[in-house]
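Please open the model in your viewer and keep the selection panel at hand.

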Amino acid sequence: MVGIGTILADDSSLRLKNPALIAERAAAGKEEQPMRVVIDSQARMPPDGDLFKKGTGRRVIFIAKTAPEDRVAALAEKATVIAAGTTRVDLNLVLDKLGEMGIRRLMVEGGATLLWSFTSQKLFDEIRIYVGALIIGGADAPTFVDGSGFTGADGFTRLKLKNVEKIDDGLLITWLKKDE
């Protein structure tokens with residue numbers, strides 16, 4: 001799952017490219033490509049984007065009820081479009097709808113606005129962050145989450161360390177949501 005900001009910035013296809021992973025999915029009786037999910041309140045998704053041009057498999061776009069009908073209709077020709085919320089997409093409804101579709105595991109890749117929504121609403125079980133051997137910083141540098149931020153000890157999202165794995169020159173850190 002990604003938000004519309006990621007799609008507009010990267011024109012991502014959200015598909016597996018590694019032949020071994022594709023073969024592994026096929027051997028397990030799954031579709032070659034996992035379901036690709038986009039959160040797009042106002043149906044700004046380009047109907048000619050790479051998400052629709054590359055790879056096979058199901059594409060689902062969650063919109064708000066206020067999304068322009070003409071853009072919704074254009075997307076509905078290429079994907080399953082589901083209204084989940086009035087002016088903004090309601091992530092609780094999204095998770096319910098995905099559950100009804102048989103989705104039991106969901107990887108949310110972001111971007112920062114979508115990640116803020118998931119973390120601030122505590123709609124996650126696990127967070128994985130890769131810390132690479134490259135320093136990126138500054139006022140316009142990307143961050144893990146956007147939004148209004150967490151302030152005061154009561155507002156912090158508490159995590160429990162699950163694992164740290166060295167990958168190349170970086171670390172993959174996995175946390176679980178801490179029971180409150």
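A pocket is defined on a 1 Å grid laid over the protein atoms alone: it is an open set of points where a 1.4 Å probe fits, with protein on both sides within 12 Å along at least five of seven lines, whereas a cavity is a set of points from which that probe cannot get out. Lining residues are those with an atom within 4 Å of a point. Grid points are joined across faces, edges and corners, and a volume is the space filled by probe spheres set on the points.

The model is a predicted one, in which local features need pLDDT of at least 70 and side-chain atom pairs count only at pLDDT 80 or more, while totals for chains, interfaces and linings use all residues. Residues are numbered from 1 along each chain as its sequence is written, and side-chain values use heavy atoms, with hydrogens and water left out.

**Stop 1: the largest pocket**

Select Arg-105, Leu-106, Met-107, Val-108 and Glu-109, the lining residues that lie nearest the centre of the largest pocket. This pocket has a volume of about 2,400 Å³, and 44 residues line it. Helices (DSSP runs of H or I, at least four residues) and strands (runs of E, at least two) are numbered from the N terminus. Helix H2, strand E2 (36-39), H5, H6 and E5 each supply at least two lining residues. Which element gives the largest share of this lining? That element is E5, with five residues.

For the next count, Ala, Val, Leu, Ile, Met, Phe, Trp, Tyr, Cys and Pro are nonpolar, Asp, Glu, Lys and Arg are charged, and the others, Gly among them, are polar. The lining of the largest pocket divides into 26 nonpolar, five polar and 13 charged residues.

**Stop 2: the second largest pocket**

The second largest pocket has a volume of about 460 Å³. Select Gly-3, Ile-4, Ile-39, Thr-113 and Leu-114, which are the closest to its centre among the 21 residues of its lining. H1 and H6 are the elements that give two or more residues to this lining. The largest share, four residues, comes from H6. By class, the lining of the second largest pocket has six nonpolar, 10 polar and five charged residues.

**Stop 3: helix H6 and its two ends**

Now select residues 112-120, which form helix H6. A residue is buried under 20% relative accessible area, exposed over 50%, and partly exposed in between (1.4 Å probe, protein chains only). Why is H6 described as largely enclosed by the rest of the structure? The reason is that seven of its nine residues are buried. They are Ala-112, Leu-114, Leu-115, Trp-116, Ser-117, Phe-118 and Thr-119. Contact means heavy atoms within 4.5 Å. Strand E1 (2-3), E2, H5 and E5 are among what covers these buried residues.

Next, select Gly-111, in the loop between helix H5 (91-100) and H6. The peptide bond from Gly-110 to Gly-111 is cis, with omega near 15°.

Lys-122 lies in the loop between H6 and strand E5 (126-131). Although Lys-122 is not a glycine, its phi is positive, about 55°. Its relative accessibility of 26% places Lys-122 in the partly exposed class.

**Stop 4: the loop between H1 and H2**

Select Asp-11, which lies in the loop between H1 and H2. Asp-11 is another residue that has a positive phi without being a glycine, here about 50°. Its relative accessible area is 32%, and Asp-11 is therefore partly exposed.

Ser-13 belongs to the loop between helix H1 (4-10) and helix H2 (19-27). Is Ser-13 buried or exposed? With 7% relative accessibility, Ser-13 counts as buried. The side chains of Ser-13 and Arg-15 are joined by a polar contact of 3.1 Å. Such a contact is a pair of N or O atoms within 3.5 Å; within protein, one must be able to donate a hydrogen and the other to accept it, and residues adjacent in sequence count only if both atoms are side-chain atoms. Beyond its neighbours within four places in sequence, Ser-13 is in contact with Arg-36, Asp-50, Leu-51 and Lys-54.

**Stop 5: the whole chain**

From the N terminus on, the elements run β-α-α-β-α-β-α-β-α-α-β-α-β-β. Buried residues make up 32% of the 180 residues.
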